Amino acid sequence: MYVGLTSAPGNNAGIQVFSLDPSTGNLSSINVYITGINNLSLGISPNGKFVYGSNYSSENVFPFVRDINSGTLSIQTSISAGVAPGYTIVDPLNRFVYVANSGTGQGTISAYLIEPSNGKLTPVNGSPFSTGFSPIGLCTDPRGKFLYSSNTEGGNISGFSVGENGVLTPLSGFPVTAGTNPFSIEMVSY
């Protein structure tokens, strides 16, 4: 289990790793990996090889290589994100990482290409991409063709097609009104 910490020892944030006892459900702490200030969100690649943490205050994303057997992490070099990155997601095909930059009065999504051998991130051309005000949640469809953001300040949902290169293109008919302060967003299979 991986937990994003907003305040780890020394008033720094990071990722805490726990092992799970499958017979009792008990958790045991393995380690805390310090990443900066206010690590708000974690994204884990579907293949289980990489973990990504976005840091709200230090405005960056930390990639980690995950040991499949022990669950321990090896930190890679961080990469800049937009203003107030608040949510991280990995596409279902292990190709891209998307981060919602949720600073007040603005809204963008940073997009990164995943290097398959080591998990390092490279910005996608044109990133960050504009979305509604204060995107807080992200989700993709199961095939990795579309990405959606819930925009808290805008009260709406933005929709994008995902290009083969990770570029986000706004979908026709979006944004869609979603009520007051939409926060989280998830998709089921279709």
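Buried residues are those with under 20% relative accessible area, exposed ones have over 50%, and partly exposed ones lie in between, with a 1.4 Å probe and protein chains only. The structure is a predicted model, in which local features need pLDDT of at least 70 and side-chain atom pairs count only at pLDDT 80 or more, while totals for chains, interfaces and linings use all residues. Residues are numbered from 1 along each chain as its sequence is written, and side-chain values use heavy atoms, with hydrogens and water left out.

View 1. Phe 50 and Tyr 52 are both buried. Rings of Phe, Tyr and Trp (its six-membered ring) are taken to pair if their centres lie within 6.5 Å, planes under 30 degrees apart being stacked, over 60 edge-to-face and the rest tilted; by this rule there are four aromatic pairs. In one of them, the ring centres of Phe 50 and Tyr 52 are 6.4 Å apart and the planes stand at 50°, so this pair is tilted. The rings of Phe 96 and Tyr 98 also form a tilted pair, because their planes are at 55°, with centres 6.1 Å apart. Phe 96 counts as buried at 1% relative accessibility, and Tyr 98 is buried at 0%.

View 2. With a salt bridge defined as a side-chain nitrogen of Lys or Arg within 4 Å of a carboxyl oxygen of Asp or Glu, the count comes to two. Arg 95 is joined in this way to Asp 91, the closest N and O atoms lying 2.9 Å apart, and both of these residues are buried.

**View 3. Met 1 and a nonpolar surface patch.** Met 1 is found in the segment before β1 (2-8), strands being DSSP runs of E of at least two residues and helices runs of H or I of at least four, numbered from the N terminus. Together with Leu 20 and Leu 27, Met 1 makes a nonpolar surface patch of about 300 Å²; such patches consist of residues with over 30% relative accessible area and no salt bridge, nonpolar side chains (Val, Leu, Ile, Met, Phe, Trp, Tyr) being joined within 5 Å and like charges within 9 Å. Leaving aside neighbours within four places in sequence, Met 1 is in contact (heavy atoms within 4.5 Å) with Gln 16, Val 17, Phe 18 and Leu 27. Asn 156 is 155 residues from Met 1 in sequence and 32 Å away in space, C-alpha to C-alpha.

**View 4. Ser 172 in the loop between β17 and β18.** The loop that holds Ser 172 runs between β17 (168-170) and β18 (176-177). Ser 172 counts as exposed, at 74% relative accessibility. The C-alpha atoms of Ser 172 and Phe 160 are 8.7 Å apart, and the two residues are separated by 12 places in sequence.

**View 5. The protein as setting for the close-ups.** The protein has 18 strands and zero helices, and 47% of its 190 residues count as buried. Along its principal axes the C-alpha trace spans about 45 × 35 × 35 Å. Among contacts between residues at least 6 apart in sequence, 42% join residues at least 24 apart.

Conventions
Areas by Shrake-Rupley, 256 points an atom, 1.4 Å probe, with all protein chains shown as cover.
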